[in-house]
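Let us walk through this structure from the inside out.

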Amino acid sequence: MTESLAKGVCEPCRAGAPTVTPEEMEALRPQVPDWDVVTRDGEQRLERVFSFPDFAQALAFTNRVGALAEEQGHHPALLTEWGRVTVGWWTHKIRGLHHNDFVMAARTDEAYADMA
């Protein structure tokens, strides 16, 4: 788990796969420090709000995250508003957080940094 999450790839995840343990989460969180762990509908998710100077750049970021999601076959919740995008990662099949979610959070951070 010490390798860069942003270099990781999503593994196919089946229903019944284990969610990350508290120890695994503690080890992964330093690589995605700007993400919050939130509970929505009884499921833990990684969530972060990204800021932009206008709607066009927020939409461009949304499309970039969408392309990353399609590439990896792992899809987030995306809320695009004027000047901000809220991204939420979790694994629907297991109703919680998987290592894949941390990989995609790190990749999302890289995409945001590339737009700066």
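**Starting from a helix**

Threonine 108 sits in helix H3. The model is a predicted one. Is threonine 108 buried or exposed? Its relative accessible area is 0%, so threonine 108 is buried, the limit being under 20%. Look at what surrounds this residue. Beyond its neighbours within four places in sequence, threonine 108 is in contact with Trp35, Phe50, Phe61, Val65, Val87 and Trp89.

Now take Phe61 from that list.

Next comes the core. In soluble globular proteins, nonpolar side chains tend to be buried together. Here the largest nonpolar core has 27 residues. Which of them touch the most other members? They are Trp35, Phe61, Trp89 and Phe102. Several elements each supply at least two residues of this core: helix H1 (22–28), strand E2 (43–51), helix H2 (55–72), strand E4 (84–89) and helix H3 (99–115). The largest share comes from H3, with 6 residues.

Phe102 leads on to arginine 29, since the two are in contact under the 4.5 Å limit. Arginine 29 lies in the loop between H1 and E1. Its relative accessible area is 29%, so arginine 29 is partly exposed. Leaving aside neighbours within four places in sequence, arginine 29 also contacts Trp35, Asp36 and Val37. Arginine 29 and valine 103 are 74 residues apart along the chain. Their C-alpha atoms are separated by 11 Å.

Turn to the charged pairs. How many salt bridges does the structure hold? There are 8. One of them joins the side chains of aspartate 34 and arginine 48, at 3.8 Å from N to O. This pair links distant parts of the chain. Aspartate 34 is in the loop between H1 and strand E1 (36–40), arginine 48 is in strand E2, and 14 residues separate them. Aspartate 34 has a relative accessible area of 48%, so it counts as partly exposed. Arginine 48, at 14%, is buried.

The side chain of arginine 48 also meets that of aspartate 109 in a salt bridge, at 2.5 Å from N to O. Again the pair links distant parts of the chain. Arginine 48 is in strand E2 and aspartate 109 in helix H3, 61 residues apart. Both arginine 48 and aspartate 109 are buried.

Another salt bridge joins glutamate 81 and arginine 84, with the closest N and O atoms 3.1 Å apart. Glutamate 81 is partly exposed, at 31% relative accessibility. Arginine 84 is partly exposed too, at 36%. As for networks, salt bridges that share partners join Asp34, Arg48 and Asp109 into one.

Last, the open space. Rolling a probe the size of a water molecule over the atoms shows where empty space is left. How much space lies in the largest pocket? The volume is about 210 Å³. Its lining includes Cys10, Glu11, Pro12 and Cys13. Gln72, Gly73, His74 and His75 line the pocket as well. Thr91, His92, Lys93 and Asn100 complete the list. By class, the lining residues divide into 3 nonpolar, 7 polar and 2 charged.

Methods: Residues numbered from 1 in each chain as written. Predicted model: local features only at pLDDT ≥ 70, side-chain atom pairs only at ≥ 80, totals over all residues. Heavy atoms only, no water. Core = buried A, V, L, I, M, F, W, Y, C linked by side-chain atoms within 4.5 Å. Buried < 20%, exposed > 50% of the residue type's maximum accessible area, 1.4 Å probe, protein only. Helix = DSSP H or I, 4+ residues; strand = E, 2+ residues; numbered from the N terminus. 1 Å grid on protein atoms, 1.4 Å probe; cavity = no way out; pocket = protein on both sides within 12 Å on 5 of 7 lines; lining within 4 Å. Points joined across faces, edges and corners; volume = space filled by probe spheres on them. Nonpolar A, V, L, I, M, F, W, Y, C, P; charged D, E, K, R; others polar. Salt bridge = Lys/Arg side-chain N within 4 Å of Asp/Glu carboxyl O.
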